[in-house]
Amino acid sequence: MAEIVKNIRALFQQAVKISFDLFKITIPIIIITKVLNEAGWIDHLGIILMPVMELVGLPGSMGLVWATAMITNLYGGMIIFASLAPEANLTVAQVTVLATMMLVAHTLPIELRIAQKAGPRFRFMISLRVIGALVLGWLLHQFFEITSYLQTPNKALWSPLPQSKDWADWAKGEIQNLFYIFCVILVLLVVMRLLDILNITALLSRILAPILKLLGMSKDAAPITIIGMTMGISYGGSLLIQEAKSGRISKKDVFFSFSLMGLCHSIIEDTLLMTVIGGHASGILWGRIVFSLLVIFGMVKLFNKLPDTLFNRYIFRTP
């Protein structure tokens, strides 16, 4: 019993720390978003972002959600989504497209810096993730449009409170939304801990191992890549940085590994997180995995034929 209480306390403290670090960034963004909304600037921003969002079948205002997720993290995007979603009247298909794009391209300042330390060049990695997110979003949008799949109104597991014109009511609603985000973080930490105890994460790693071999990736890079795909870039990336500096894994395997992790990482935690706002598994899980594997398969074929001089000059920098 004492051990259980200790673990619960540790998870709670971890959730508090994560939430505190998140809210320091997102609370100013929430206030700015409210001010911009009151001044009518959200509509103007929506018009600016509309050409990009129209490609994936989303209203321009959702561009602000994706931009926030790219600059901060998924939780930050969720908070802005809570501010804007009630007026957007989104379908399940649209939320799935948005959530999938957020999963492919989020927390870029931190995650791209981690990749840089291992060798992949910043300009290539940011292009891969942003363009990859847009291409996957467009493909999903086309699929949902053609098949009329998931065209029902979105009903999220967590529905944000309707926005109020009164600032006091608005502040109260946002505080409640932040509390719900804290609860989501705590629940996810508990779920991830249970998955580790039940060895489900390890099982998923064993399933992915032969798939990575088919892609043409080295057996030396595969275990670390699987860690990144299942647990996240912070875990797998840190290990890859050490391996890249040691020279035990080739430059191209480090590059392919980080590219795959960039497009598809934290497939358990982040996928569960996006179901909270209404994302469907067809996009946030299966679509993301299949798309990422196909892209990396093509990259392995292409870049293995690329001369080392060009690869080292434009794609990879020895750490």
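The dialogue below discusses surface patches, salt bridges and the nonpolar core of a predicted model.

Colleague: How many salt bridges does the structure hold?

Modeller: A salt bridge is a side-chain nitrogen of Lys or Arg within 4 Å of a carboxyl oxygen of Asp or Glu. The structure holds two. In one, the side chains of E111 and R129 meet at 2.8 Å, N to O; E111 lies in helix α6 and R129 in helix α7, 18 residues apart. Helices are DSSP runs (H or I, at least four residues), numbered from the N terminus. In the other, D308 meets K252 at 3.8 Å, N to O.

Colleague: Is K252 buried or exposed?

Modeller: Buried means under 20% relative accessible area, exposed over 50%, and partly exposed in between (1.4 Å probe, protein chains only). K252 is buried because its relative accessible area is 14%. Both E111 and R129 are buried as well.

Colleague: Which residues form the nonpolar patch on the surface?

Modeller: Patches are made of residues with over 30% relative accessible area and no salt bridge; like charges are joined within 9 Å, and nonpolar side chains (Val, Leu, Ile, Met, Phe, Trp, Tyr) within 5 Å. Here L55, I131, V135, W138 and L139 form the nonpolar patch. Helix α7 (residues 122-147) gives the most to this patch, with four residues.

Colleague: Which residues have the most contacts inside the largest nonpolar core?

Modeller: Such a core is a set of buried Ala, Val, Leu, Ile, Met, Phe, Trp, Tyr and Cys residues joined through side-chain atoms within 4.5 Å. The largest has 93 residues, and those with the most contacts inside it are M62, W66, F81, F255, F258 and M274. Helix α5 (residues 92-104) supplies the largest share of this core, 10 residues.

Colleague: What conventions apply to the model?

Modeller: In this predicted model, local features need pLDDT of at least 70 and side-chain atom pairs count only at pLDDT 80 or more, while totals for chains, interfaces and linings use all residues. Residues are numbered from 1 along each chain as its sequence is written, and side-chain values use heavy atoms, with hydrogens and water left out.

Terms used
Areas by Shrake-Rupley, 256 points an atom, 1.4 Å probe, with all protein chains shown as cover. Helix = DSSP H or I, 4+ residues; strand = E, 2+ residues; numbered from the N terminus.
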